[in-house]
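Good morning, and thank you for joining this group meeting. Please take a moment to look at the sequence and the structure on the screen.

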Amino acid sequence: QADSAQCGTMGLGVSSPCLLVPWPPCSPVPPAEQVLREGPPSQAEHLGALIGNAVARQLAASGEASPGVMSAFVALARQSILMGIDYRNLGLGWDHPETRTQYRRGEHPSIRAKPSRERAAASQQRLASVALAVAEGSCHAERVLVDTFLREIGVAPGSQVAGFADFAGVSAALAGELLLPLRALNEGQGYMNKTWEGHPIPSAPVADVVRDLTSAVLSGPQGFSRWRYGNAVGLEQLRGLDNRQQALWRQATFMSHKDGRCTHEDYEGELGFFWATKVGGPSHGFDFSAHCLLPLLSNARHKVVMLSDPAWPAHPAGRAYFRLLWAEPAAREQPEPRLWLEPFQCDFDAAKVVDQSAWVQPFLQHAISKAHSMGVTLSVDRALTNELHALARGFSGPRVREACERMVLRPSNGVVEASDTLSDRHDWVQMSEELTSPLWRTLYIPYAKT
């Protein structure tokens with residue numbers, strides 16, 4: 001929700017312009033004068049539309065459910081019932097939705113499939129029973145919501161993940177709409193065992209990283225980002241940056257641009273990274289080629305720059321992968337860091353209404369600003385050379401030049417690495433250090449080398 005306040009264009013919460021119902025999709029937006037007269041639907045009304053009005057009203061009136069508990073109930077019901085997909089039976093694959101709005105509408109064939117509707121009905125019945133138990137005071141609201149969420153994402157109550165989960169972490173995950181991403185990663189690991197070219201991916205390390213990232217997400221609102229940058233593999237990826245540079249890299253940088261657009265590296269906590277690859281592509285996502293999402297989620301060197309556009313207020317409309325890599329050093333020299341910006345992608349639904357031609361400059365300005373603040377050279381595709389030269393005129397000191405470099409890829413914490421700009425393999429197992437082939441890029445050097 002922090003980005004919504006900063007940019008004024010983002011809707012990252014669970015609210016809807018109309019009353020949510022489990023099936024069919026929501027009714028038309030009521031007239032403005034009716035909304036002004038009656039007010040927006042309450043949390044109890046939202047929840048009642050999903051699990052039954054009587055039990056929702058009883059819960060709201062009981063005094064046993066705080067506003068945070070009511071919000072968590074609504075989000076849990078919405079994501080498990082309206083948006084629910086049964087990955088356990090349907091598996092992962094290319095038949096799932098391609099955009100975030102397709103999940104939110106609840107109309108996609110994989111959501112309407114019989115196994116998904118049967119599982120959603122079971123979730124609806126379970127949530128109604130849980131809500132009634134809370135209203136009657138027979139169970140602790142926050143604890144039972146944590147247990148119910150774990151069950152929804154396919155995690156056993158007595159597991160290691162369950163030991164880390166608390167209500168604050170589950171609430172943050174629900175606010176970020178992470179029920180389906182976490183369900184897909186936990187229930188779909190049997191579909192994460194081969195690369196795009198068919199090479200085997202070891203299953204045990206994949207299970208370990210999914211366990212660790214799920215535990216980190218559910219441990220608290222900042223648990224996921226702390227784990228990304230604080231684990232041993234992540235620290236090794238950033239070795240060579242000083243403390244100030246590391247802090248600036250970890251920062252969820254935000255930048256305003258003309259015409260109301262803003263670029264941002266998600267927001268504090270970085271939970272939006274789970275949805276990033278549902279913006280454009282599609283080359284991978286949490287429920288197809290899901291192993292390719294693990295490098296973004298698990299590596300300290302890997303981030304994403306998102307672009308929010310006032311023409312598409314539902315969620316970020318664009319994104320570009322952003323990495324901290326190391327250029328192969330010459331003899332007797334230390335490796336130099338590079339901010340590696342990949343081409344931007346546009347959400348397929350947003351592409352119908354936004355002007356993508358105006359996006360190159362915001363993405364480049366964001367990356368240039370980060371390069372100046374960190375004192376690190378920016379590396380971009382050579383097709384952007386002219387744009388870089390134009391933007392460099394606004395600063396004193398930077399140089400723009402083309403260069404052919406090999407990147408040092410320190411081991412991935414996500415078992416694999418995935419990139420079309422670093423390799424022609426798209427995705428590959430990368431558990432040991434390796435060098436890329438020589439790559440021609442355009443460098444923006446924000447400082448004068450001595």
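This is a predicted model: local features need pLDDT of at least 70, side-chain atom pairs count only at pLDDT 80 or more; totals for chains, interfaces and linings use all residues.

Residues are numbered from 1 along each chain as its sequence is written, and side-chain values use heavy atoms, with hydrogens and water left out.

Let us begin with charge. Side chains of opposite charge can pair when their charged atoms come close. A salt bridge is counted when a side-chain nitrogen of Lys or Arg is within 4 Å of a carboxyl oxygen of Asp or Glu. How many salt bridges does the structure hold? There are 28 salt bridges.

One of them joins Glu187 and Arg88, at 3.0 Å from N to O. Glu187 belongs to helix α13 and Arg88 to helix α6, so this pair links distant parts of the chain, 99 residues apart. Helices here are DSSP runs of H or I with at least four residues, strands are runs of E with at least two, and both are numbered from the N terminus. Glu187 is buried at 16%, whereas Arg88 is exposed at 52%.

A second salt bridge joins Glu405 to Arg338, with the closest N and O atoms 2.7 Å apart. Because Glu405 lies in strand β8 (residues 399–405) and Arg338 in strand β5 (residues 336–341), the pair ties together parts that are 67 residues apart in sequence. Glu405 is buried, with a relative accessible area of 16%, and Arg338 is buried as well, at 4%.

Within helix α14, Asp208 and Arg211 are three residues apart, which separates them by about one helical turn. Their side chains meet in a salt bridge of 3.3 Å, N to O. Asp208 is partly exposed at 36%, and Arg211 is partly exposed at 28%. Salt bridges also link Arg78, Arg100, Arg104 and Glu177 in a network.

We now turn to the rings. Rings of Phe, Tyr and Trp (its six-membered ring) pair if their centres lie within 6.5 Å; planes under 30 degrees apart count as stacked, over 60 as edge-to-face, and the rest as tilted. The count by this rule is 10 aromatic pairs. Trp94 and Trp196 form an edge-to-face pair, 6.1 Å centre to centre with 80 degrees between the planes. Trp94 sits in the loop between α6 (87–90) and α7 (100–105), and Trp196 in the loop between α13 (179–187) and α14 (203–218), so the pair ties together parts 102 residues apart in sequence. Trp94 is partly exposed at 43%, while Trp196 is exposed at 56%.

Lys278 lies over the face of Phe286, 4.9 Å from the ring centre.

Finally, strands β10 (residues 416–419) and β11 (residues 426–429) pair in the antiparallel sense over four bridges; strands pair if DSSP finds at least two bridges between them. A hairpin of six residues joins β10 to β11, and Glu417 has Trp428 in β11 as its bridge partner.

Terms used:
Buried means under 20% relative accessible area, exposed over 50%, partly exposed in between (1.4 Å probe, protein chains only). A charge sits over a ring if NZ of Lys or CZ of Arg is within 6 Å of the ring centre and within 35 degrees of the ring normal.
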